[in-house]
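Hello,

Here is the structure I promised to pass on. My notes follow below it.

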Amino acid sequence: MDKQPLKSLINHQLAGVDVASVSRSIVNRLVFSVGKDDIMATARDWFHATAFMTRDRLIERWMETMRSYYVADAKRVYYLSMEFLMGRTLTNSLLNLSFEKACSEALQQNGVDLRQVREMEPDAALGNGGLGRLAACFLDSMATLNLPGYGYGIRYEYGMFSQRIEGGRQVEHPDNWLRYGNPWEFARPEVIYQVKFGGRVVQFADEYGAQRNHWVDTEDVMAMAYDSPIPGFATSTVNNMRLWAAKASRDFELKYFNEGNYIKAVEDKNESENLSKVLYPNDSTTMGRELRLKQQYFFVCASLQDILYRYSKYHQGFDELPDKVAIQLNDTHPAIAIPELMRVLVDLNHLDWDNAWDITTRTFSYTNHTLMSEALETWPVAMFEQILPRHLQIIYEINHRFLKAVMHSFPGDNNMRQRMSIIGEEEGKRVRMAHLAVIGSHKVNGVAQLHTELMKQTIFSDFDRYFPGRIINLTNGITPRRWLNLANPLLAALITSRIGDGWIKDLDQLRRLIPLAEDAQFRQQFAAVKRANKQRFAAEIASSLGLEIEVDSLFDVQIKRIHEYKRQLLNLLHVVTLYKRLCDFPQSEAVPRTVIFGGKAAPGYAIAKLIIKLINDVADIVNNDVRVHGRLKVVFVPNYGVSVAENIIPAADLSEQISTAGTEASGTGNMKLALNGALTIGTLDGANVEIRNEVGEDNIFIFGLTAAGVAELRASGYRSADYYQANGELRQAIDMIGSGYFSPEDTGRFRPIVDNLLANGDHYLLLADYASYVACQAEVDAAYRDQQQWLRKAILNVATMGKFSSDRTILQYAEQVWQAKPVVR
């Protein structure tokens with residue numbers, strides 16, 4: 001009997017997405033995969049059954065997608081990132097496959113509510129902040145645009161941490177997101193690669209007299225693959241995210257086991273598998289820094305082996321590699337891939353250096369995410385040599401050849417060579433990973449127009465002179481599938497009722513809403529949606545924190561990583577000023593406000609953690625003061641992440657984007673909030689500049705110094721104490737914080753914060769921007785009082801967000817960097 005091709009079997013048996021088929025699949029999965037019946041099943045069991053049902057429908061499309069890339073011999077894009085902040089997968093997949101309604105009805109037939117089921121899914125703890133969320137948006141857009149795109153990262157067993165607020169302080173707890181298993185992933189025990197560390201390099205001459213290098217006596221770890229399907233919206237394309245878990249090269253030492261020393265027997269196994277345990281170990285210790293460097297090489301080494309294996313299945317040699325493979329480095333974390341590919345080409349495949357370097361630079365491109373020199377990753381040469389000795393040799397050779405070329409182009413300029421060197425010597429010899437990434441890539445991009453211009457003028461000015469045209473701008477974007485269609489179904493439905501659903505794949509279509517800003521009925525409907533979202537969020541806060549907030553107050557939102565440059569403290573200074581005004585002038589006509597904070601501080605970042613404590617102490621005083629009852633509330637929402645953001649963002653009225661000008665590369669929270677009808681108050685920093693250009697100056701609140709103004713003020717000798725002395729309200733707010741008004745049981749608790757502002761120079765210029773910020777907040781109050789005018793502005797913000805779709809960003813990458821084409825079946 002002839003064997004029927006698997007492809008025809010799959011096509012013939014394609015799972016249906018009608019209610020009856022979905023219901024039957026869920027029940028089958030509940031019984032045969034979860035091992036429960038409907039009497040014993042918990043909400044979590046129903047979630048797993050529903051996830052398996054959805055995954056079945058993804059798998060069919062996934063296999064066909066992968067097959068089509070081989071048939072087309074398509075150029076593939078590999079996105080290397082230490083983080084993928086995916087959020088929950090169930091609702092996103094249901095919406096992208098267009099059967100959320102059928103699934104909801106199918107579950108209802110079994111007496112189950114889809115809303116309750118989806119709450120059982122934990123956020124995948126594979127990232128921390130904007131860098132990881134951007135990567136997740138990009139994977140969604142690549143699939144939606146039918147681009148052959150793959151994500152590569154680490155399958156962290158624990159996320160950065162689960163944040164709890166205990167006594168007003170951040171307390172870190174393990175984020176055990178895999179406790180109940182991950183129904184979306186496929187373990188691939190057959191896809192396993194060796195990763196080496198340590199050892200030494202042996203040099204020898206081969207039979208042709210060529211010098212060769214052999215990396216020996218290494219400690220080895222195995223990288224095992226886990227695959228997750230990534231569906232596009234309204235397309236049959238389902239791409240792949242492959243994450244690596246560390247496995248020991250052997251499970252245990254039988255010798256120690258037989259002697260009864262069971263701890264010693266598994267010691268090596270445990271140490272090896274620590275590599276993929278935790279996202280971003282605390283790098284305030286030497287051990288933490290070593291683990292982080294090992295994590296970076298671990299996932300890069302495995303990913304390159306996998307990429308080259310896939311390439312070599314259908315191609316001989318490496319000359320075609322840049323025509324078939326594009327590797328994007330998401331920040332400097334994967335930059336070690338550049339010397340790793342050189343090692344593979346030169347040491348293992350014996351290509352000559354110049355040919356290998358040409359192939360390497362045409363394969364890689366690099367995205368920079370920071371302008372702050374202290375945030376640009378560097379590694380001590382001694383540590384690098386101990387962990388990756390051969391790679392350090394290759395980096396030295398890259399640097400030697402590069403600086404020689406620089407000398408020929410700019411003879412006699414030794415300072416320039418020093419500035420451009422991959423090896424910095426400011427604080428002992430260190431490997432500058434950003435320099436390595438720029439030198440080893442054919443394109444380098446910033447993530448907002450201002451950021452890119454500042455890159456060219458500051459940190460990479462020499463490289464821009466030497467490599468004209470290499471540094472380009474590709475402004476970040478967000479996926480409208482998650483950040484409007486999923487997060488804000490009420491607004492999505494309202495928009496679709498007026499202009500159709502084409503905006504979900506073409507966000508520029510939102511411009512058709514512009515005339516509706518003048519439509520009184522649409523404004524009324526828009527206001528009803530916003531109020532319903534605020535009511536939902538208020539109910540969540542009442543349930544989780546026991547705090548009642550006024551739905552008709554202005555929801556003033558700052559949700560992002562807690563960091564001094566993001567200036568949560570400036571927001572808090574305004575809160576204290578507002579509180580004092582309300583206490584002193586109870587008859588004033590201030591607009592009622594609920595100021596909402598959310599974000600995590602890095603475990604070793606003491607001042608950021610103290611700012612969280614200050615927010616909560618201010619909240620404790622303000623929220624319990626009867627004098628301001630109903631007029632001012634302060635809320636800190638714990639454990640900020642994707643799912644928390646999906647609840648807050650649709651409810652926001654005001655979006656706080658108040659970083660010191662010239663410090664935020666782009667920001668994407670600004671885009672998400674504006675897309676959901678929040679007005680922005682912000683500095684001309686990051687993508688705020690482009691948001692202002694799109695929404696119009698009348699529909700955004702801009703304050704503070706520009707990036708040029710910041711540089712000028714610092715150059716002229718900024719004295720924060722002068723601003724403190726000159727402004728009575730500012731002085732009063734700082735004194736209240738410093739004197740213990742908000743911490744009567746420990747009056748000196750917040751002295752370090754005050755010292756940073758006054759004695760230590762106020763590096764991020766909060767005091768310089770305070771008066772402008774407070775005046776701008778008064779403009780916000782005035783605008784919010786005129787609700788019809790506010791609604792017009794909010795609608796225009798939504799309508800002009802088309803530029804900030806990650807689909808636009810990815811199309812630009814595909815055309816300007818990757819030269820990749822869609823594969824449409």
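**What I found**

Strand S6 (residues 200–205) and strand S7 (residues 211–216) pair in the antiparallel sense over six bridges. Two strands count as paired if DSSP finds at least two bridges between them. Helices (H or I, at least four residues) and strands (E, at least two) are DSSP runs, numbered from the N terminus. Gln203 sits opposite Asn213 in S7. Five residues lie between the strands of this hairpin, and Gly209 takes a positive phi near 85° there.

This is a predicted model: local features need pLDDT of at least 70, side-chain atom pairs count only at pLDDT 80 or more, and totals for chains, interfaces and linings use all residues. Residues are numbered from 1 along each chain as its sequence is written, and side-chain values use heavy atoms, with hydrogens and water left out.

**Confidence**

pLDDT is the predictor's confidence in each residue, from 0 to 100. The protein averages 94, and 96% of the residues score at least 70. Residues 1–12 are below 50; beyond near neighbours in sequence, this stretch has six contacts in the model. A contact means heavy atoms within 4.5 Å. Where pLDDT is low, the predicted coordinates should not be read in detail.

**The nine-stranded sheet**

This open sheet has mixed pairing and the order S5-S8-S9-S2-S1-S10-S11-S15-S16. Strand S5 (186–197) and strand S16 (471–473) are at the edges; each has a single partner strand, so one side of each lacks a neighbour in the sheet. Neighbouring strands are turned by 25° against each other on average, direction ignored. S5 and strand S8 (residues 219–231) run antiparallel, joined by nine bridges. Phe197 has Glu219 in S8 as its bridge partner.

Two helices to look at here. Helix H3 (residues 43–72) packs on the sheet, and its direction makes about 95° with that of strand S9 (238–248). Helix H11 (residues 286–312) lies across strands including S1, S2 and S5, running at about 115° to S5. Axes are lines fitted to C-alpha atoms, for helices over the stretch in contact; angles run from 0 to 180 degrees between N-to-C directions.

**The six-stranded sheet**

This one is open too, with parallel pairing and the order S19-S18-S17-S20-S21-S22. Strand S19 (632–637) and strand S22 (701–702) form the edges, each with a single partner strand, so one side of each has no neighbour in the sheet. Strand S21 (residues 679–682) runs parallel to S22, with two bridges between them. Ile681 stands opposite Phe701 in S22. Helix H34 (residues 787–799) packs on the sheet, touching S21 and S22 among its strands, and its direction makes about 90° with that of S21.

Best wishes
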